[in-house]
Amino acid sequence: MCGIAGYLGPRNAVETVFEQLKLLEYRGYDSAGIAFLQDGDIRILKRAGKLTELGKAVAEEMPEARLAIAHSRWATHGGPTDENAHPHYDQFQQVAIIHNGIIENYLELKERLAAEGHSFRSETDTEGAAHVIGREYEEGVPLEEAVRRAAGKLRGAYAFVVISKREPDKIVATRNASPLIVGLGEGEQFLASDIPALLPFTRRVVVVKEGEVAVLRREGVSLLDSAGKPAPIEPMEVQWDVAAAERGGYEHFMIKEIHEQPDVIRQCLLGRIDEAGRIRFENIFSDYVWTEIDRINIVACGTAYHAGLMGKHLFERLLRLPTDVFHSSEFRYGDPVLSEKSLAIFISQSGETADSLAALKLCQQRRIRTLGIVNVVGSSIARECDRTILTQAGPEISVASTKAYTAQVVVLSLLAFYLAQVREAPGVRVPEGVDELKRLSDMARAALALEEQVEPLSEKVAASPLVFFIGRAADAHVALEGALKLKEVAYIPTQESPAGEMKHGPLALVESGVVAIVGATDSKVRDKTVSNMMEIKARGGTLIALTTEDDETTCQVADHVLRLPKSRFDFFSALLSVIPMQLLAYHVARRRGCEIDQPRNLAKSVTVE
Ligand code: M6R
């Protein structure tokens, strides 16, 4: 959620890191700051609030510098104030640091340092780390050594970047859990917490590994391992298009990303279905392992958790393979029962979600096989899992996840049919499943065409004090995701539940004027869903039904019907119904004037537990 940027080279470093921060705005933040070297001193400009505030300070001073680091902060320890904003100095203002993540033992460190006479200007854990580094640096060691030694004294998940006035030719950075990426240039080097902040400048990147210390100089970059020995540099070329990280003509990233879904589905299948129609994945477990697995535990947060529920539906219905889905934040503390032959699947767009990483560590300790389904290449979860399948959805900038969800469910579907193929699951029509997956992109395009009907409905939904999302079977899982979208971008309270649960409590909330969004794509349970719709209608609720084009029943009860393509697998029609729900959330939010791409209180990448 916080953003890191760094630059040294011939450009105006302050302007460059400011540009980088702008590219990281989607991560969510509430203050920002820059440190740069000028006339032999480290100068810091920092402001609470949006980047425009920092921009004003920069514009007033117009500083010129060849080395700068910058940070956008999402408050954890200490409120979003100028003082708490990063960068922070050490005791003697020899060094300045910026930091993502949390230093867990900062109170203990600060107390110890205070007893030695250190004084602190902020309430942050980061300033404690700055002082620890400064203290090591007083020993006369090079900055990278001071950083390495200090890292050994810090506990927690962090990435930090340090500059020093004694060594004005370098930027030093290290990480433990939080991401850090170096961008390689000619006679200039860059640093960022996230790839989009590097794309306008360079495509050659090095992902700093946990415990490594990166030393950036104009002429090149070197890495040290946690023992201080030189480590190999493994540059990789980022394929993402710069335009792919920009809005591409849409008013918001969210709507752009919703519209990208047909392409994302195609992208997701790329290279994974061979000419004979067989599914294949590179670098995953052997057939033996896939056959041996006796249980699947899916672990994820938010939207990715909802995708996990869709995975459970498939693994159990198609393969009769017992599957549990856990919220990552609960998994670690729930003392889960994990069988030796089980597989833990971690689903994450960012690949940096702290709760999921913590759960992953638990599985590693218990020696359970792990598989990541991740969007961001080189992210922590992608690297830490035994095997990883990339969702190949491209960068998702809007805080509200849309295309990542679809890509996650498509990967889970591919995986389910792949397992059916490997395990020769009786009764599963794999070639038919593959055909439907191939048609899915066109079907998603048809679902997007519903936007014309969805937009006018947004007026009614925007006026509803509470919006219900209900459905049965896979529709019930998609209902959870539809409700999350409306809540997070349009700030409208929702009540989501399996349709059959309404009469066990939530029905009490139905009164005239409320809207219910009903997923009715599954023909096998439609009659039951229709009965639940009637219960709502009888109490004055307005019904918007999402169903398939062939359905003749739902329209007899619903006030509005949105028709989706009919897939031979009801599951895929249910998946497609998420598209009009995303569109609805978007248009309601727009109508209400909400800050769509960066909803209040939320961040794109949740790197704190
Ligand atoms: O990056 P991740 O997929 O691990 O993020 C998990 C959740 O924070 C995320 O899905 C969140 O719920 C969405 N941004 C909501 O739209």
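Mentor: Domain 1 (3-246) and domain 2 (256-447) each give at least three residues to the lining of the second largest pocket. The model is a predicted one.

Trainee: What makes a residue part of the lining of the second largest pocket?

Mentor: A lining residue has an atom within 4 Å of a grid point of the pocket. By that rule 22 residues line the second largest pocket, and W240, Q267, Q392, A393 and G394 are the closest to its centre. Two elements give two or more residues to this lining, β15 (236-237) and α7 (261-269). The largest share, three residues, comes from α7.

Trainee: Which domains does the assignment give?

Mentor: The domain assignment of the protein lists domain 1 (3-246), domain 2 (256-447) and domain 3 (449-591). Taken over C-alpha atoms, the centres of domain 1 and domain 3 are 46 Å apart.

Trainee: How much space lies in the second largest pocket, and how does its lining divide by class?

Mentor: The second largest pocket holds about 480 Å³ of space. Its lining has eleven nonpolar, five polar and six charged residues.

Trainee: What lines the largest pocket?

Mentor: The largest pocket has a volume of about 600 Å³. Its lining is made of 28 residues, with C301, G302, T303, K604 and V606 nearest the centre. Elements that give two or more residues are α9 (302-319), β18 (342-348), α11 (354-365) and α16 (474-490). The most comes from α9, with three residues. By class, this lining has eleven nonpolar, 13 polar and four charged residues.

Trainee: Why is a space called a cavity rather than a pocket?

Mentor: The word cavity is used because a 1.4 Å probe fits there but cannot get out, whereas a pocket is an open set. Four cavities of 30 Å³ or more are found in this structure. The second largest cavity holds about 90 Å³.

Trainee: What lies around the second largest cavity?

Mentor: The second largest cavity has 13 lining residues, of which C2, W74, T76, H86 and G101 are nearest its centre. Two or more lining residues come from each of β4 (67-73), β6 (95-103) and α4 (125-137). The largest share is that of β6, with three residues.

Trainee: Which residues touch the most other members of the largest nonpolar core?

Mentor: W290, F315 and I345 do, in a core of 99 residues. Helix α13 (residues 403-423) gives the largest share of this core, 14 residues.

Trainee: What does W290 touch?

Mentor: Leaving out residues up to four places away in sequence, W290 touches I284, F285, L343, L371, L415, Y418, L419, V422 and R423. A contact here is a pair of heavy atoms within 4.5 Å. There is also a second, separate core of 33 residues, with A5, V14, A32 and F201 among them.

Conventions
Residues numbered from 1 in each chain as written. Predicted model: local features only at pLDDT ≥ 70, side-chain atom pairs only at ≥ 80, totals over all residues. Heavy atoms only, no water. 1 Å grid on protein atoms, 1.4 Å probe; cavity = no way out; pocket = protein on both sides within 12 Å on 5 of 7 lines; lining within 4 Å. Points joined across faces, edges and corners; volume = space filled by probe spheres on them. Helix = DSSP H or I, 4+ residues; strand = E, 2+ residues; numbered from the N terminus. Domains from an automatic or database assignment. Nonpolar A, V, L, I, M, F, W, Y, C, P; charged D, E, K, R; others polar. Core = buried A, V, L, I, M, F, W, Y, C linked by side-chain atoms within 4.5 Å. Buried < 20%, exposed > 50% of the residue type's maximum accessible area, 1.4 Å probe, protein only.
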